[in-house]
Number of protein chains: 2
Amino acid sequence: MIHYTHPNRILVALDCIIFGFDGEELKLLLIKRNFEPERGKWSLMGGFLKEDEDLESAAQRILFDLTGITNTYLEQLQTFGAVNRDPVERTISVVYYALVNIQDQDLNAIRSHNASWIGLNEKPNLIFDHNTMVEQALHRLRYKAALHAIGFELMPEKFTIPQLQKVYEAIYTKQLDRRNFSRKILSTDLLIGTGEKDTASVTKKGQLYRLNAEKYQQYLTDYVSFFPELTLA
Amino acid sequence: MIHYTHPNRILVALDCIIFGFDGEELKLLLIKRNFEPERGKWSLMGGFLKEDEDLESAAQRILFDLTGITNTYLEQLQTFGAVNRDPVERTISVVYYALVNIQDQDLNAIRSHNASWIGLNEKPNLIFDHNTMVEQALHRLRYKAALHAIGFELMPEKFTIPQLQKVYEAIYTKQLDRRNFSRKILSTDLLIGTGEKDTASVTKKGQLYRLNAEKYQQYLTDYVSFFPELTLA
DNA sequence: GCAAAAGTGTTTCCGGTACACCCATGT
DNA sequence: ACATGGGTGTACCGGAAACACTTTTGC
């Protein structure tokens, strides 16, 4: 193979920010490193880009290794390339963020990587520039969720409208009006009622809905002002 | 220096998508390659990341080399990393896009790189995945400009409101209502009237405004629905 | 019966849009 | 005078926000 006459080949890493929702709180899947460098500290799940691998494939591989999850929302966030961001060696990191249904996870895979779900409020300090990455991912998530219908990605197969509302309240750390929320969501035609009731609930059992997959495809690409009232500072 | 025991160091390139506005049309600064590979074809301006250089600095360096412009809007778009995107050698490319005031350019620098401003409608076919990059940059520009006040970045120091309107009409290829546009822009308090009149205009000379730098800083980070009526498909 | 959560309806208000009219300038 | 383009005001309409009321369930 022909090569460029350029000397500076650089190590390319990927890091994954994995968001999940447990019904109450927005959580991150973080690993407590049992390997060098920075053994014993917390970090995002990462890895290196292989020679014969697309960027997106590499991100999927890393996500799968940790969780066993394959088909999920995965989007490139940003590439971080400060000279000294990794003290071991010059490395640039292409960062992806994922929204996963926390129930789909493979507990064995997670355990073997020494990973845990940690609420955003309890997030420990992370190595390198991983704190900045998380901050930026959260910002992007808020941005996206206000304009596109991606909140569903954090839900299980079937869910009630109040459950969905909790996702949005967790994303924006803000209370939303139950009545307006319900009306807005239903007006999008994105949900299909299953007739079933939420057995988990203690009091009045809400109706379980599932996603209208067809409509959802449109909403992912189309711009939709989901929550204009939320300031995206 | 310690190194990771990982073999796959990869060539990291940067490409810059440079938008400009000539008063009528949205333009791209493209180069007709007088070097290999793909000599004679059109491409974005690019370069390789150096060992001791931040990503953002590298993008600024490339932009400066081509235009002589330093302080301008520059934002990382996305990193492109398909295995075969560069037929010469595996290379990932971190892409930035810039919004420049077309009058600030250094014509000598541009000429020496064999570059020209080309209207979006006359864009030639570009090498590699550069067409996709431009497409995506345009999408991002439309997205951003609808939510944040970045249209000003394409304007000269002083400008009239109708001139600014033409920028937005060029970005969205859509006619906007003169009266509503003016009211919306003025309501933001982003413009400061200079009292001077636009000498270029043939008929009624419009008032020249300049940017309220302080307010502008707020608007860059804050979310503002500038043009909710524009679909951001 | 009561508390807690889910579901539905109504009114108000603001902001976007569409429109009409006036002003300044050069020919 | 008139054509061209800049500047300001107003009325309407739709969607978001703020409210009240009813229903279901478990204790």
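This is a predicted model: local features need pLDDT of at least 70, side-chain atom pairs count only at pLDDT 80 or more; totals for chains, interfaces and linings use all residues.
**Exercise 1. Place Q105(A) in its chain and describe its surroundings.**

*Solution.* Start with the chain elements. Q105(A) sits in the loop between β6 (91-99) and α2 (107-112) of chain A.

Next, decide whether the residue is buried or exposed. The cut-off for buried is under 20% relative accessible area. Q105(A) has a relative accessible area of 17%, so Q105(A) counts as buried.

Then look for its neighbours. Leaving aside residues up to four places away in sequence, Q105(A) touches T67(A), I69(A), I110(A) and W117(A).

**Exercise 2. Work out which parts of chain A the salt bridge between E196(A) and K158(A) ties together.**

*Solution.* Begin with the distance: the closest N and O atoms of E196(A) and K158(A) are 2.6 Å apart. Now place each partner. E196(A) lies in strand β8 (residues 191-197) of chain A, and K158(A) in the loop between α3 (130-147) and α4 (161-172) of chain A, so the bridge ties together parts 38 residues apart in sequence.

E196(A) is partly exposed, with a relative accessible area of 36%, and K158(A) is partly exposed, with a relative accessible area of 36%.

**Exercise 3. Find the salt-bridge partners of E75(B).**

*Solution.* Take R140(B) to begin with. E75(B) forms a salt bridge with R140(B), with the closest N and O atoms 2.6 Å apart. This pair links distant parts of the chain, E75(B) being in strand β5 and R140(B) in helix α3 of chain B, 65 residues apart.

Now turn to K144(B). Its side chain meets that of E75(B) in a salt bridge of 3.6 Å, N to O. Here too helix α3 and strand β5 of chain B are linked, with K144(B) and E75(B) 69 residues apart.

What about burial? E75(B) is buried, with a relative accessible area of 14%, and K144(B) is buried at 18%.

Last, look across to the other chain: E75(A), R140(A) and K144(A) are linked in a network of salt bridges. Over all chains, the structure holds 22 salt bridges.

**Exercise 4. Describe the interface of chain B and chain A.**

*Solution.* Start with its extent. The contact takes 42 residues from chain B and 42 residues from chain A. Together the chains bury about 4100 Å², 56% of it on carbon and sulfur atoms. Y4(B), E51(B) and Y223(B) supply 18% of the area that chain B buries against chain A, more than any other three residues.

Next, count the polar links. There are 24 residue pairs in polar contact between the chains, both residues being at pLDDT 80 or more. By class, the side of chain B that touches chain A has 23 nonpolar, 10 polar and 9 charged residues.

Then find the salt bridges, of which the interface has 2. One of them joins R9(A) to E89(B), the closest N and O atoms being 2.4 Å apart.

Finally, follow the strands. Strand β1 (residues 9-21) of chain A runs antiparallel to β1(B), and 3 bridges join them. Within this pairing, the bridge partner of I10(A) is I10(B).

Conventions
Residues are numbered from 1 along each chain as its sequence is written. Chains are lettered from A and ligands numbered from 1 in the order in which they are written. Side-chain values use heavy atoms; hydrogens and water are left out. Contact means heavy atoms within 4.5 Å. Buried area is the accessible area (1.4 Å probe) that two parts lose on being put together, summed over both. A salt bridge is a side-chain nitrogen of Lys or Arg within 4 Å of a carboxyl oxygen of Asp or Glu. A polar contact is a pair of N or O atoms within 3.5 Å; within protein, one must be able to donate a hydrogen and the other to accept it, and residues adjacent in sequence count only if both atoms are side-chain atoms. Ala, Val, Leu, Ile, Met, Phe, Trp, Tyr, Cys and Pro count as nonpolar, Asp, Glu, Lys and Arg as charged, and the others, Gly among them, as polar. Two strands pair if DSSP finds at least two bridges between them. Helices (H or I, at least four residues) and strands (E, at least two) are DSSP runs, numbered from the N terminus. Buried means under 20% relative accessible area, exposed over 50%, partly exposed in between (1.4 Å probe, protein chains only).
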